[in-house]
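Good morning, everyone. Please have the sequence and the model open while I talk.

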Amino acid sequence: MSMAEVLALDIGTRKIAGLLVAAAEEGFELKEAIVEQQLPGAMADGQIHHIDAVAKVIKRIKQKLEESHGRTFHKAAVAAAGRSLRTQTGSSKMSFAANHRLSADEVRALELDGVRDAVEKLAPESADGVMHSYLCVGYSVIQYYLDGEPIGALEGHQGSTAQVDVIATFLPRIVIDSLGTALERAGLDMLSLTLEPIAAMHVVVPPTMRLLNVALVDVGAGTSDLAISADGTIKAYGMISYAGDAMTTGLAEHFLLDFKVAEKLKVELKPQELSVCHDVFGNELSLTYEEVVEVLRPRVETLAEKIAQEIIALNGSAPKGVILIGGGSRIPGLAELVAQKLNLPENLVRMRDRDSLSIVQGSPHFSGPEAITPIGIGCTHLDRKAMELIHVTVNDRRLQLLQMPTTTVAEALLHAGLVPSELVGRPGSAYTVELNGRCITLPGSRGKPAVLTRNGEPCDLAAPLADGDHLHVEAGQSGGPPQITLGELVDAQALVVTINCNGSPMEIKPLVSVNGQEQSFDYVLRDRDRIALQPITSFRELFAVLGIPPERELAFHLNGEEKTVRVTLELYVDGVKSPLETAIAPGQEVEYYHRPYTVKDLFPGSAQYPVPGIVVEVNGRKVELSHKEPAPVVNGVEVTLDYEIKPQDRVEYKPSLTGALGAYIVTDIFRCYEPDEVFTTRGGDILVNGVKSGFTTPIKHGDVVELIPYGAETGNS
């Protein structure tokens, strides 16, 4: 810890305390403390009413310290009353492209947009913007959400929507301006600013104790300020306009005392001692401790009740314990009554005074519970936990804001009235579409981020901020609506199957319609579109889409009569005849056709199986016999038996059979062989392979036939 020192001023409703606090090897050293009474009417309820009157007392304290230490003071650390605080919750939500990974700048912008939401709630009617009237002194994240689910942190995560809830704390500029003006007229500049409850918390409830749910109550003259710790942080601040002055007023009214006399009676009250004073009529009063306490009792109960109610309102329930500080905490019976109102054991509601601050040495005369806050102001500054009033320029506009150790460029832009979310390029508006009955959100396109520089150098939102910084911002551009095609939504590439069909490549796409109308994959989706997607999985489904029937009728005329036959669709997959229910798979070799119906198919007997030619020997001579049918005639033109019949063809064809069994007989010989005139004239015997036969005897290839006229000798005789 550096060996620094600071002039700390606690400007209260009734008194001003000026302390010279220095950092020591272990803790702090209080070198000197001077307390002066405020001039009448200078302040009320912690707010400066007459700046010159306050400045006069500050100047007197400053001069005394300068005389004691032989040096001139130019700056002072001060605190604002807790009653000046304004707290408000805010929320912000952003949408991103699917599986977008959130950056640190985007999370920071989201948080500050939540602060901006809190700002607008605080003073929605402010024409100049609430930042013109208030200064943000800090904010805390209540909860992050990713795609609607709570999450501990957002940076680095992927999702389509991010949301944050924050609680922000503000100070009215009038409070800071009045403090600054009073200091200026006393010859001082504001070195740093903290809040009275924060200063007290810093020394009484340090960060190591803030995991505990503890309430700190600073009972002053005009107000009682509250701060509550939990989960490692100060979770809430509060104030009630009821404190020590209400006790003094009660004594003044009851005993008819001047207010100053009543204040002295209250402060000097001690058990088992008489209090002697004079009323406004000059009567001397000798009051016992019990008499005074009895008069105070109703107002102490009221104060305890108000404190308990405010604590429960801020905390949601009674805390684990309550620490009372400030001059008003000395009021007899207050701690016991607060414990009673909160249903806490009395030993868990205690007053703390200077003696409890083991880290602070020196000036032991400055003691009591009223010493806590002034000492805390100095210690908070020396530990660099206070806020400094700095000036920065944003796009040539000069701004004044409070700087904390965590203050960044982002806060300056917020004070300049810029929309934080637009600095990272707000995404365009999203669309909602329906795919096979399921709702899908399509995010808008990402915007163009702002160009941000600090003192001429590029920087980001999280860059630290210093007094005199010059910031320049070129506004970003918001994104547009989604530009997503149907093919991109359904992943067309994965759904298209390519096969080789009848020798040519064929792409098989699913059936897709939008709002009841068929659309291609190039169709650009619009908001509220209803999409129906039906993949084609079998060849029967494919042929139905192609308009190819699995079976068709063929009507024609045969020998003058109407005839109808059914022609079936035949499918071959990878060379194997397959049923139409066969599943489609990429890369298949496919052939399909309706089997041709020919003239030959009309006569499944001889026409399909024609009789082959033969060679026989007749009377020693080789004779070749062949079967010759008449040619079919279609539409008046001769055709072959392989002619494919077409609808409404007129077919003329009457095949004849050779022999009773469709084979050759002896008579067929005479179509190619002329017998002897004697045989023709006289007649004779017919021998087939030496066996006497007739004209209708069947013959086959290689047979030997003899035609012997009557009267001639045969080879067998």
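Predicted model: local features only at pLDDT ≥ 70, side-chain atom pairs only at ≥ 80, totals over all residues.

**A lysine to start with**

Lys 62 counts as buried, at 11% relative accessibility. The cut-off for buried is under 20%, so Lys 62 qualifies. Where is Lys 62? Its place is in helix α1, which covers residues 51–69. Now look at what surrounds Lys 62. Leave aside the neighbours within four places in sequence. Lys 62 is then in contact with Phe 73, Ala 186, Gly 187 and Leu 188.

**The whole chain**

Let's step back. How many helices and strands does the protein chain have? There are 16 helices and 45 strands. The radius of gyration is 55 Å. For 717 residues, the globule rule gives 27 Å. The value for this chain is well over that, so the chain is more spread out than a compact globule. Along the principal axes they are about 190 × 55 × 50 Å.

Which share of the residues is buried? Of the 717 residues in the chain, 47% are buried. Next, contacts.

Now the surface. The accessible surface of the chain comes to about 36,100 Å². Carbon and sulfur atoms hold 49% of that. On charges, the chain has 64 positive and 94 negative ones. Their mean positions are 3 Å apart.

**An open sheet**

Next, a sheet. Strands of a sheet pair through backbone hydrogen bonds, either parallel or antiparallel. Here 6 strands form an open sheet, and the pairing is mixed. The order is β11-β6-β1-β2-β3-β19. Which are the edge strands? They are β11, residues 189–195, and β19, residues 360–361. Each of these pairs on one side only.

Strand β6 spans residues 75–80 and runs parallel to β11, with 6 bridges joining the two. To find one of the partners, look at Val 78. Its bridge partner in β11 is Leu 193.

Gly 362 is found in the loop between β19 and α9, a helix of residues 372–382. Is Gly 362 buried, exposed or partly exposed? At 31% relative accessibility, it counts as partly exposed. Gly 362 and Glu 29 are 333 residues apart in sequence. In space, their C-alpha atoms are 5.6 Å apart. Not counting residues up to four places away in sequence, Gly 362 touches Leu 30 and Arg 354.

**A covered strand**

Now find β13, residues 224–230. How many of its residues are buried? The count is 7 of 7. In a regular strand the side chains alternate between the two faces of the sheet. Check that pattern here. Ser 224, Leu 226, Ile 228 and Ala 230 point one way from β13. Asp 225, Ala 227 and Ser 229 point the other way. Both sets are buried.

What does β13 pair with? One partner is β12, residues 214–219. These two strands are antiparallel, over 6 bridges. Val 214 stands opposite Ser 229 in β13. A hairpin through 4 residues joins β12 to β13.

Another partner is β14, residues 233–240. This pairing is also antiparallel, with 7 bridges. Ser 224 stands opposite Ile 240 in β14. The hairpin of β13 and β14 has 2 residues between the strands. In that hairpin, Asp 231 takes a positive phi near 55°.

Most residues other than glycine have a negative phi.

Asp 147 sits in the loop between β8, residues 134–146, and β9, residues 149–151. With a relative accessible area of 40%, Asp 147 is partly exposed.

Then Asn 502. It is not a glycine, yet its phi is positive, about 50°. The loop that holds Asn 502 lies between β27, residues 497–501, and β28, residues 504–508. Asn 502 is partly exposed, with a relative accessible area of 40%.

That's my tour. Over to you for questions.

Notes:
Residues numbered from 1 in each chain as written. Heavy atoms only, no water. Rg over C-alpha atoms; globule rule 2.2 N^0.38 Å. Buried < 20%, exposed > 50% of the residue type's maximum accessible area, 1.4 Å probe, protein only. Areas by Shrake-Rupley, 256 points an atom, 1.4 Å probe, with all protein chains shown as cover. Lys, Arg positive; Asp, Glu negative; His and termini not counted. Charge placed at Lys NZ, Arg CZ, Asp CG, Glu CD. Pairing = 2+ DSSP bridges. Contact = heavy atoms within 4.5 Å.
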